[in-house]
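Hello,

Here is the structure I promised to pass on. Have a look at it first, and then read my notes below.

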Amino acid sequence: QKGARTNAGEEVPVQTVDGKVKALVNLPSCGAIALVPSQEADGAKDTEAEVRVAETPEGIVLENSQVKAVINTMGEVTSYVLKSSGREFAAEPMNRLHLYKDVPRLFDAWDIDSNYIEQEVEALTGAGVEVLSEGLEGVVKVSGRISESNFTQYIRLAAGSRRIEFEPEIDWKELHRLLKVAFPVEVYAENGINEMQFGFVERPTHRSRMYDKDRFEVCNHRYSALCEGNHGAAVLNDCKYGISMNGNALELTLLRAPSCPEMQADNRVHQFTYG
């Protein structure tokens with residue numbers, strides 16, 4: 001394995017995973033960096049550019065210079081500590097998958113009825129976790145089944161990052177099912193914020209009034225967040241735009257399985273990312 005350096009001669013950290021080389025570089029705004037091979041075997045040595053992965057009795061620990069996360073055997077994040085403050089963000093296991101019966105009274109492919117919450121069924125079964133890599137990026141693989149669907153997920157933490165990313169791949173073979181992922185966080189907020197094309201809108205996290213209860217599922221674009229005066233947490237996504245905010249939990253909607261206007265319209269392999 002050779003290292004890499006910039007055209008200016010600066011050595012950069014590299015990592016080889018599955019025959020592909022990753023490098024950690026600082027990119028200028030609206031610019032680019034050219035890299036060339038280096039004779040330095042491991043690139044630059046930088047403890048800040050490392051993710052350490054360890055298997056412990058509590059679970060798999062992913063740790064870099066910013067955060068320390070613990071992953072259990074279901075692929076759930078049971079602890080997420082920000083090192084700069086020592087604050088624990090996981091109120092309950094985060095990245096927990098929830099599967100519900102989903103049979104709207106009208107408009108099968110468009111509506112979600114509020115009573116779905118009373119019709120939860122078992123989600124992930126036969127789960128197993130496996131450590132794939134550490135270094136510039138720590139990667140854990142989760143495998144199992146969701147009802148009749150094969151499920152694989154890659155959990156990633158990059159060096160120097162405070163964001164943990166989840167990349168599921170699921171061969172969806174369901175009918176009238178709703179799949180959500182929940183992030184209950186140690187943040188108290190009466191209102192959550194949902195990003196839109198011109199900024200964000202605030203919506204209540206409680207359901208104490210009828211008007212609030214009617215907003216059990218709302219729109220977001222790239223993120224939704226809960227914020228207190230001095231800290232907060234956000235769930236980001238690349239293509240999933242429905243979410244519910246229930247107390248201290250951000251619950252992103254991942255997949256549905258309507259039968260109308262086309263039977264099994266959503267039954268195929270799905271790949272997406274959230275963080």
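**What I found**

Strands E17 and E24 pair in the antiparallel sense over seven bridges. Strands here are DSSP runs of at least two residues, numbered from the N terminus, and two strands pair if DSSP finds at least two bridges between them. Before going further, please note that this is a predicted model: local features need pLDDT of at least 70, side-chain atom pairs count only at pLDDT 80 or more, and totals for chains, interfaces and linings use all residues. Residues are numbered from 1 along each chain as its sequence is written, and side-chain values use heavy atoms, with hydrogens and water left out.

Back to the pairing: Leu179 has Leu255, in E24, as its bridge partner. E17 (residues 177-184) also runs antiparallel to E11, joined by six bridges, and Leu97 stands opposite Val181 of E17. Seven of the eight residues in E17 are buried (under 20% relative accessible area; exposed is over 50%, and partly exposed is in between, with a 1.4 Å probe and protein chains only).

Leu97, Leu179 and Leu254 have the most contacts inside the largest nonpolar core, which has 49 residues. Such a core is a set of buried Ala, Val, Leu, Ile, Met, Phe, Trp, Tyr and Cys residues joined through side-chain atoms within 4.5 Å. Strand E24 (residues 249-256) gives the largest share of this core, four residues. A second, separate core has five residues, among them Ile112 and Phe216.

Beyond its neighbours within four places in sequence, Leu97 is in contact (heavy atoms within 4.5 Å) with residues including Ile146, Phe151, Leu179 and Leu254.

What about the outside? Phe107 lies in the loop between strand E11 (96-101) and strand E12 (120-121), and is exposed, with a relative accessible area of 56%. Phe107 and Pro261 are 154 residues apart in sequence, yet 8.7 Å apart in space, C-alpha to C-alpha. Leu35 sits in strand E5 (residues 35-38) and is partly exposed, at 38% relative accessible area.

Finally, there is an open sheet of three strands in the order E2-E1-E5, with antiparallel pairing. Its edge strands are E2 (11-12) and E5, each of which pairs on one side only. Two bridges join E1 (residues 3-6) to E2, and Ala4 has Val12 of E2 as its bridge partner.

Best wishes
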